Amino acid sequence: MTLMAKTVVEIFDRYASRYDSWYERNKIIAENEVKLVKTISTGVKTPCIDIGGGTGYFTRIFGCINLDPSYEMLLISKKRISDAIQGYGEYLPLRTESLWFALIVVTICFVESPVSLLSEVYRVLKKGGILTLCIIPKDSPWGEYYSKKKDSPLYRVARFLTKREAINLIEDVGLNTENIMGTLSFPPWSEPYLEDPQPARDEHGFICIKAAKNI
């Protein structure tokens, strides 16, 4: 484990309860995100894995295995899911071509090597398997807002990606982009409201990219 990776895990261990309470404190935003993840991932099959699933908020949607390096986050996830593994997405403890679906929600901005993470996803997916990768786009109002939150112990260690950067990373490892959708069309400083997922636009603060392993 590198020093950076150790630091990130220590931060998530320390603030696990605070992280999990975000979903309760921001119910409308969380509901919009869940709706998007469900919509773009319609029809996915198990077995599946949520990489960096944290406290299991999104993991529970599909009944996936939750893989996360933070022991404290995994403890909290046990109230939502049954299968959890402590580990890193860059070193998935899974057989080659053993899964139909992989979910990554924001985790990619906290890993040291996004290329290694996505290469491992490609390895463990079966032919025809699906990756749903969700990010806070760096160049969106939400990405710019969080990038400036240096007082946040979590976001100050995040390295956000633009939509184009995320697509390039996905396609460079051999996955094929099939769909890109977004939500949170309102800025972070305004009153949130419920909305349906739409084709991704520049103002969307949360986007998901669906990609397939076709070879």
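A residue counts as exposed when its relative accessible area is over 50%, as buried when under 20%, and as partly exposed in between. Keep those cut-offs in mind for the views below, which show a predicted model.

**View 1. Glu 24 and Lys 27 pair up in a salt bridge.** The closest N and O atoms of Glu 24 and Lys 27 sit 3.0 Å apart. Glu 24 has 54% relative accessibility, and since the cut-off is over 50%, it counts as exposed. Lys 27 makes the exposed class too, because its relative accessibility is 51%.

**View 2. A salt bridge ties Lys 213 to Glu 97.** Here the N to O distance is 3.6 Å. The two partners come from distant parts of the chain, 116 residues apart: Lys 213 belongs to the segment after β8 (206-212), while Glu 97 lies in the loop between β3 (84-86) and β4. Is Lys 213 buried or exposed? Its relative accessible area is 3%, so Lys 213 is buried. Glu 97, at 33%, is partly exposed.

**View 3. Arg 201 reaches Glu 203.** The closest N and O atoms of this salt bridge are 2.6 Å apart. Arg 201 is partly exposed at 36% relative accessible area, and Glu 203 is partly exposed as well, at 31%. The model's salt bridges come to eight by count.

**View 4. Four acidic side chains gather on the surface.** Which residues make up this patch of negative charge? They are Asp 139, Glu 144, Glu 165 and Asp 202. Zoom in on Glu 144 and you land in helix α7, which spans residues 141-147. With a relative accessible area of 43%, Glu 144 is partly exposed, and it qualifies for a patch because the cut-off there is over 30% with no salt bridge.

**View 5. Strands β4 and β5 run side by side in the parallel sense.** Six bridges hold the pairing between β4 (residues 99-105) and β5. One spot to look for is Leu 99, whose bridge partner in β5 is Leu 125. How many of the 11 residues of β5 are buried? Eight are, so β5 (residues 125-135) is mostly covered, buried meaning under 20% relative accessible area. A handy reminder while tracing side chains: in a regular strand they alternate between the two faces of the sheet.

Definitions and conventions
Residues are numbered from 1 along each chain as its sequence is written. This is a predicted model: local features need pLDDT of at least 70, side-chain atom pairs count only at pLDDT 80 or more; totals for chains, interfaces and linings use all residues. Side-chain values use heavy atoms; hydrogens and water are left out. Patches are made of residues with over 30% relative accessible area and no salt bridge: like charges are joined within 9 Å, nonpolar side chains (Val, Leu, Ile, Met, Phe, Trp, Tyr) within 5 Å. Accessible areas come from the Shrake-Rupley method with a 1.4 Å probe; for residues, only the protein chains shown count as cover. Lys and Arg count as positive and Asp and Glu as negative; His and the chain ends are not counted. The place of a charge is taken as NZ of Lys, CZ of Arg, CG of Asp or CD of Glu. Helices (H or I, at least four residues) and strands (E, at least two) are DSSP runs, numbered from the N terminus. Buried means under 20% relative accessible area, exposed over 50%, partly exposed in between (1.4 Å probe, protein chains only). Two strands pair if DSSP finds at least two bridges between them.
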